[in-house]
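Welcome, and please open your viewer. We will go from stop to stop, selecting a few residues at each one.

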Amino acid sequence: MASTQGQRQLTPLKPGTPLIAVEHLSRTIITRAQRTTILDDVTFVVAAQSLFAITGSSGSGKTTLLNVLTGIDRPTSGSVLVAGEALPNKGENALARWRGRHVGIIFQFFQLIPTLTALENVLLALELGGGGGLSRRAWRDRALHCLDLVDMRAYARRLPSALSGGQQQRVAIARALANDPPLLVADEPTGNLDSHSAAAVFEVLAGLTERGKTLMRASAGIDLLDGRIVRRHNLSSASQEVSQ
Ligand SMILES: Nc1ncnc2c1ncn2[C@@H]1O[C@H](COP(=O)(O)OP(=O)(O)OP(=O)(O)O)[C@@H](O)[C@H]1O
Ligand SMILES: [Mg+2]
């Protein structure tokens, strides 16, 4: 999409090279009463143009981890490199600019602005994210192109209230693509959708790797081993080991 819609902001990494490198990441919260370790010495690499899932039961730290990767939260110790660079560690403005260039965020509850149409929601992301390297004149075309990518162009003038949950989430994906970031982060993107809408949203997300995007997704789920469920990561309470 970048070649016809304006210059890319970052040189795309070859598939398989690390886009994200997390090393010895910890996040501890200290309150008056106690010290809680939410993330404990986490180390992993996410390859460029891959689909990377973080699964775990409710309260296991998925959202906290994604928030640290997008600079919404800060690690207590350890490092996060995205495309070889550390996140800016000073100033919300620098961080917002960094986020605009590097990452699009997709939320469980869509978080569209209810008074703006689908198109205007995507345009707002361009406004806030610096325009994806495009001149303001080209924003409308970019926004329509992003709606096209998620098959929502025909709904560009609708308000979120006139869209189904799955359609709203697809608009939210278009918004996350607006500034053409290499990384998309989705926290339970289908957690609030019926299975049919969830499948459509997942198909859109999975297809983005072919467009050079890397997708990190947090979700509840099941772990299979040799065709059997060995662990369930439920949305409620602790996960359950399955007795063999
Ligand atoms: N600001 C905070 N202060 C204290 N504890 C927190 C804070 N934020 C998160 N926690 C705790 O950290 C743990 C991890 O929370 P987190 O939201 O990352 O889990 P999650 O895996 O995303 O859960 P869910 O599947 O329910 O979304 C939980 O035990 C939570 O209560
Ligand atoms: Mg969560």
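Before the first stop, a word on angles: those under 35 degrees count as roughly parallel, over 145 as roughly antiparallel, 65 to 115 as roughly perpendicular and the rest as oblique. Axes are lines fitted to C-alpha atoms, for helices over the stretch in contact, and angles run from 0 to 180 degrees between N-to-C directions. Helices (H or I, at least four residues) and strands (E, at least two) are DSSP runs, numbered from the N terminus.

The model is predicted: local features need pLDDT of at least 70 and side-chain atom pairs count only at pLDDT 80 or more, while totals for chains, interfaces and linings use all residues. Residues are numbered from 1 along each chain as its sequence is written, and chains are lettered from A and ligands numbered from 1 in the order in which they are written.

**Stop 1: helix 4 and helix 6**

Select residues 118–129 for helix 4 and 165–177 for helix 6; their axes lie 8 Å apart at an angle of about 25 degrees. Helix 4 and helix 6 are therefore roughly parallel. Now show A118, N121, V122 and A125 of helix 4, which meet V171, A174 and R175 of helix 6 (contact means C-beta atoms, placed from the backbone, within 7 Å). This contact has five nonpolar residues, one polar and one charged. Here Ala, Val, Leu, Ile, Met, Phe, Trp, Tyr, Cys and Pro count as nonpolar, Asp, Glu, Lys and Arg as charged, and the others, Gly among them, as polar.

**Stop 2: helix 4 and helix 5**

To see the contact, select A118, L119, V122, L123 and L126 of helix 4 with W139, R140, R142, A143, L144, C146 and L147 of helix 5. By class, the contact of helix 4 with helix 5 has ten nonpolar residues, no polar ones and two charged.

**Stop 3**

Next, pick P160 in the loop between helix 5 and helix 6. Is P160 buried or exposed? P160 is buried, because 21 C-beta neighbours lie inside 10 Å (20 or more other C-beta atoms within 10 Å make a residue buried, 12 or fewer exposed, and numbers in between partly exposed, with C-beta atoms placed from the backbone). Beyond neighbours within four places in sequence, P160 is in contact with L112, P114 and Q168. T117 is 43 residues from P160 in sequence, yet their C-alpha atoms are 6.6 Å apart.

Q111 sits in the loop between strand 6 (103–106) and helix 4. Q111 is partly exposed, with 14 other C-beta atoms within 10 Å. From Q111 to Q168 the C-alpha distance is 8.9 Å, across 57 residues of sequence.

**Stop 4: two positive phi values**

Most residues other than glycine have a negative phi. Select H24, in strand 1 (residues 18–30), where phi is positive, near 50 degrees. H24 is exposed, with 12 other C-beta atoms within 10 Å. Then move to Q49, in the loop between strand 2 and strand 3 (51–55). Q49 has a positive phi of about 60 degrees and is buried, with 20 C-beta neighbours inside 10 Å.

**Stop 5: ligand 1**

Finally, centre on ligand 1 and show I29, T36, I38, G56, S58, G59, S60, G61, K62, T63 and T64 around it (a residue is near if its C-beta atom, placed from the backbone, lies within 6 Å). Which element gives the largest share of this shell? Helix 2 does, with three residues. Strand 2 (35–47) and helix 2 (62–69) each supply at least two. The shell has two nonpolar residues, eight polar and one charged.

Note on methods: Contact = placed C-beta atoms within 7 Å.
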